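Work through the exercises below with the sequence and the model open. Each task is followed by a solution in steps.

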Amino acid sequence: MPRDATKIATMARDLVERGPDWEWTEQRVRAAIHRKDTIAPVACVGNAMAGFGLIRVGFDQAHLDLLAVRPGRRKMGIGRTLVEWLEQSMLVAGVGIVRVEVQPERHEVQAFFRNLGYRQWHADPAGTKTGTGPLHMAHDLWCPPVMDEVR
Ligand SMILES: CC(C)(COP(=O)(O)OP(=O)(O)OC[C@H]1O[C@@H](n2cnc3c(N)ncnc32)[C@H](O)[C@@H]1OP(=O)(O)O)[C@@H](O)C(=O)NCCC(=O)NCCS
């Protein structure tokens with residue numbers, strides 16, 4: 001909902017970006033929510049927003065631009081529920097691959113996505129040189145996890 005844009009932008013700034021160059025401003029989040037190719041589910045505990053996701057849907061792939069759960073609400077399954085809900089929506093839409101970028105130093109976030117079936121698919125070319133680029137991870141929704149071992 002557009003009225004969630006302020007809270008989503010604040011959480012994105014504090015929990016995801018955490019740096020001086022704040023890209024997901026309220027204006028950008030609001031514009032994204034209005035786009036027809038973007039979905040932004042929100043998880044609430046009571047009346048308070050506990051977490052959210054924001055995904056951009058393409059022809060056969062989707063990009064998870066943002067995902068965050070408030071620190072006090074973590075490790076309760078909210079992040080998993082948001083990702084799985086988005087993935088089910090992608091499958092219904094005929095989308096088979098979800099991509100996400102994770103900063104290389106965020107090992108706990110990489111572990112979270114690995115746990116949900118995401119794997120690194122290539123390092124950012126620019127980041128390879130500088131060692132600062134994001135880790136590109138992807139989940140093939142059409143390929144069952146058991147196939148990991150033979151790929
Ligand atoms: C990543 C994040 C969304 C996880 O949310 P969460 O609600 O705590 O995750 P869940 O409770 O649903 O955990 C799902 C699974 O991942 C695992 N997991 C969660 N956090 C983990 C961590 N820090 N280290 C290792 N595994 C972790 C859980 O053990 C759980 O596994 P299980 O279902 O087999 O028990 C949350 O930590 C967060 O908001 N981080 C900061 C924002 C961010 O960096 N977002 C990602 C980039 S956009």
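Residues are numbered from 1 along each chain as its sequence is written. The model is predicted: local features need pLDDT of at least 70, side-chain atom pairs count only at pLDDT 80 or more, and totals for chains, interfaces and linings use all residues.

**Exercise 1.** Find how many residues surround the ligand, and state which elements give two or more residues to the shell.

Solution. Step 2: assign elements as DSSP runs, with helices (H or I) of at least four residues and strands (E) of at least two, numbered from the N terminus. Two or more shell residues come from each of α1 (5–17), β4 (61–69), α3 (78–92) and α4 (107–115). The largest contribution, five residues, is that of α4. Step 3: sort the shell by type, with Ala, Val, Leu, Ile, Met, Phe, Trp, Tyr, Cys and Pro as nonpolar, Asp, Glu, Lys and Arg as charged, and the others, Gly among them, as polar. The count is twelve nonpolar, five charged and three polar.

**Exercise 2.** Determine which strands pair with β3 and over how many bridges.

Solution. Step 1: require at least two DSSP bridges for a pair. Step 2: β1 (residues 38–39) pairs with β3 in the antiparallel sense over two bridges, and Thr-38 has Arg-56 as its bridge partner. Step 3: β2 (residues 42–45) is antiparallel to β3 over four bridges; the two form a hairpin with two residues between them, and Gly-46 in the turn has a positive phi of about 65°. Step 4: β4 runs antiparallel to β3 with seven bridges, Arg-56 standing opposite His-63. A hairpin of three residues joins β3 to β4.

**Exercise 3.** Decide where the buried and the exposed residues of α3 lie.

Solution. Step 1: count other C-beta atoms, placed from the backbone, within 10 Å of a residue's own: 20 or more is buried, 12 or fewer exposed, and in between partly exposed. Step 2: Gly-79, Leu-82, Val-83, Leu-86 and Met-90 are the buried residues of α3. Their C-beta directions from the helix axis cover an arc of only 90°, which puts them on the same side of α3. Step 3: Glu-84, Gln-88 and Val-92 are exposed on the other side.

How values were computed: Near = placed C-beta within 6 Å.
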